[in-house]
Amino acid sequence: MAQVELIMPKMGESIMEATILKWLKNDGDTISEEEAVLEIATDKVDSEVPSPTSGKLVKKLYAEGDVVPVGKAIALIETDAQPSSDNTKIQEPVLTTPEKAISSTAIQQTPALSHQKTEAVAVDNRFYSPLVLNIARQEGIDMRELAAIAGTGSNDRVTKKDILQYIQQRQEQPKEVIRPTVETVQQKQVSSITPPKVEYGSNVEIVEMDRMRRLIADHMVMSKTVAPHVTSFVEVDVTNLVNWRNKIKDRFQQRESEKISFTPLLIEAAVKAIKDYPLVNSSVDGYNIIIRKDINIGMATATPEGNLIVPVIRNADQKSLIGLTKAVNDLANRGKAGKLKPDEIQGGTFTFTNVGTFGSLMGTPIINQPQVAVLATGIIRKKPAVLETEYGDIIAIRHLMIMSLSYDHRIIDGALGSTFLNRVAQYLENFDINREI
């Protein structure tokens, strides 16, 4: 009988490790193919890991609460069946001692391959053959760089031809010597931060952060450390938009069986502005700017526990207003119910948050790395405003909203940040009151 390694799956490009929450099966239990074996949690969402094959659970390699890097074996399954998942590999029935779980910081500093004996491994949802790993080790290619190579083999696997072609292209290009310097500077900045000592009095209550809150805290600190934040503000007259929504909302709900909130309307305007200024839809990798062609809008959503989750509307520029409305409602409802899938909170290229939902006048949100900008909208209020007419200036009651954009000053200067923000405002202020649904 063969043994199959159950591999910790990769659930997004930024997910490098997961915590084992609960084993659903014990050693010796019989498992069916696709049956859930354990529950895991990432910094984004909780999920179940199914078995890639039917068989018997031979050994759990990690305990509940352990943090395991993606691509690592977490259990051994004895089976007569041929495994159907690319996240597993068949090996001789020899039990191995699991390596100690390492931190996400250590994973990000992935060294070049240096194993004396190279075996096929599954990383980043792909197998790498011993031949490919040997070539990578000889050329000083680490696993992160290897994962970025486009594969032409089955299931996007990297072939010998692929890696040799990559090496040739890399040799023809000037060597990059800047990026390690940038990373080193950032690492020194993080390590040099010392939190202030907190003195405890007698009249206090100490509440330990839950897992999600700890992960959010770490992510926010990392973002503020990595990216120099700048925030610009603009006040927007959304009277036309408010009046239009009030006019059509009942008819819209009757026809589409969906409530239309302001969120899809605000996202629609942001998407239009992104197409005008695509640099805000990018990421920074060292001294390289990665401009994203897909516009995937992350929509910040509060959970009942008070934590934050950001489901993603993929290809938002290709959706109609009706499509955006249905996507917003679906993701928001399932986000609050804790029923989002891991891939539904990955791949965002730009984030939108409506702080006005909670009555806030404005907000200065923190960028959701590795994005470079986040848009926040405040509460819509009736206020007196000066209007210019052909008969002179008048004071009228208008629906006004303060909107802010936090952006990464490494690549977005104040001119671009303010111009983009004002373009969003223009789309909102010039909303067609006679628009058909």
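This is a predicted model: local features need pLDDT of at least 70, side-chain atom pairs count only at pLDDT 80 or more; totals for chains, interfaces and linings use all residues.

Me: How many bridges hold E13 and E14 together, and in which sense do they pair?
Reply: There are 4 bridges, and the pairing is antiparallel, with E13 covering residues 282-285 and E14 residues 288-291. Asp285 sits opposite Asn288 in E14.

Me: OK, zoom out. How many helices and strands are in the chain?
Reply: The chain has 10 helices and 22 strands. Of its 437 residues, 41% are buried.

Me: And the contacts, what share comes from residues 24 or more positions apart?
Reply: That share is 65%, counted among contacts with a separation of 6 or more.

Me: What actually holds strands in a sheet together, in general?
Reply: Strands of a sheet pair through backbone hydrogen bonds, in either a parallel or an antiparallel way.

Me: Back to ours, then. How many bridges join E4 to E5?
Reply: 5 bridges, with E4 spanning residues 36-41 and the two strands running antiparallel. Ala41 is the residue opposite Asp46 in E5.

Me: Which residues does Arg211 touch, apart from its neighbours within four places in sequence?
Reply: Arg211 is in contact with Leu21, Ala41, Thr42 and Asp46. Arg211 itself belongs to helix H6, residues 211-226.

Me: How far apart are Arg211 and Ala41 in sequence and in space?
Reply: They're 170 residues apart in sequence and 9.1 Å apart in space, C-alpha to C-alpha. Arg211 counts as partly exposed because its relative accessibility is 22%.

Me: Switching to helices. At what angle do H8 and H10 pack?
Reply: About 130 degrees, with the axes of H8 (residues 262-276) and H10 (residues 414-429) 9 Å apart. That angle makes H8 oblique to H10. Their crossing is right-handed.

Me: Which residues meet there?
Reply: From H8 you have Leu265, Leu266, Ala269, Ala270, Lys272, Ala273, Ile274 and Asp276, and from H10 Phe420, Arg423, Val424, Tyr427 and Leu428. By class, this contact has 10 nonpolar, no polar and 3 charged residues.

Me: And how does H8 pack with H9?
Reply: H8 and H9 (residues 321-336) are at an angle of about 125 degrees, and their axes are 9 Å apart. That makes H8 oblique to H9, and this crossing is right-handed. Thr263, Pro264, Leu265, Ile267 and Glu268 in H8 meet Leu321, Leu324, Thr325 and Val328 in H9. The contact of H8 with H9 divides into 6 nonpolar, 2 polar and 1 charged residues.

Me: What's the phi of Glu34?
Reply: It's near 75 degrees, a positive value in a residue other than glycine. Glu34 lies in the loop between strand E3 (30-31) and E4, and it's exposed, with a relative accessible area of 55%.

Me: And Ser257, what's its phi?
Reply: Ser257 has a positive phi of about 55 degrees, though it isn't a glycine. You'll find Ser257 in the loop between helix H7 (239-256) and H8, and at 61% relative accessibility it counts as exposed.

Me: Last one. Is Tyr62 buried or exposed?
Reply: Tyr62 is buried, at a relative accessible area of 8%. Its place is in the loop between strand E6 (55-60) and E7. Tyr62 and Trp23 are 39 residues apart in sequence and 9.7 Å apart in space, C-alpha to C-alpha.

Notes: Residues are numbered from 1 along each chain as its sequence is written. Side-chain values use heavy atoms; hydrogens and water are left out. Axes are lines fitted to C-alpha atoms, for helices over the stretch in contact, and angles run from 0 to 180 degrees between N-to-C directions. Angles under 35 degrees count as roughly parallel, over 145 as roughly antiparallel, 65 to 115 as roughly perpendicular and the rest as oblique. A crossing is left-handed if the near helix is turned anticlockwise from the far one by less than a right angle, and right-handed if clockwise. Contact means heavy atoms within 4.5 Å. Ala, Val, Leu, Ile, Met, Phe, Trp, Tyr, Cys and Pro count as nonpolar, Asp, Glu, Lys and Arg as charged, and the others, Gly among them, as polar. Two strands pair if DSSP finds at least two bridges between them. Buried means under 20% relative accessible area, exposed over 50%, partly exposed in between (1.4 Å probe, protein chains only).
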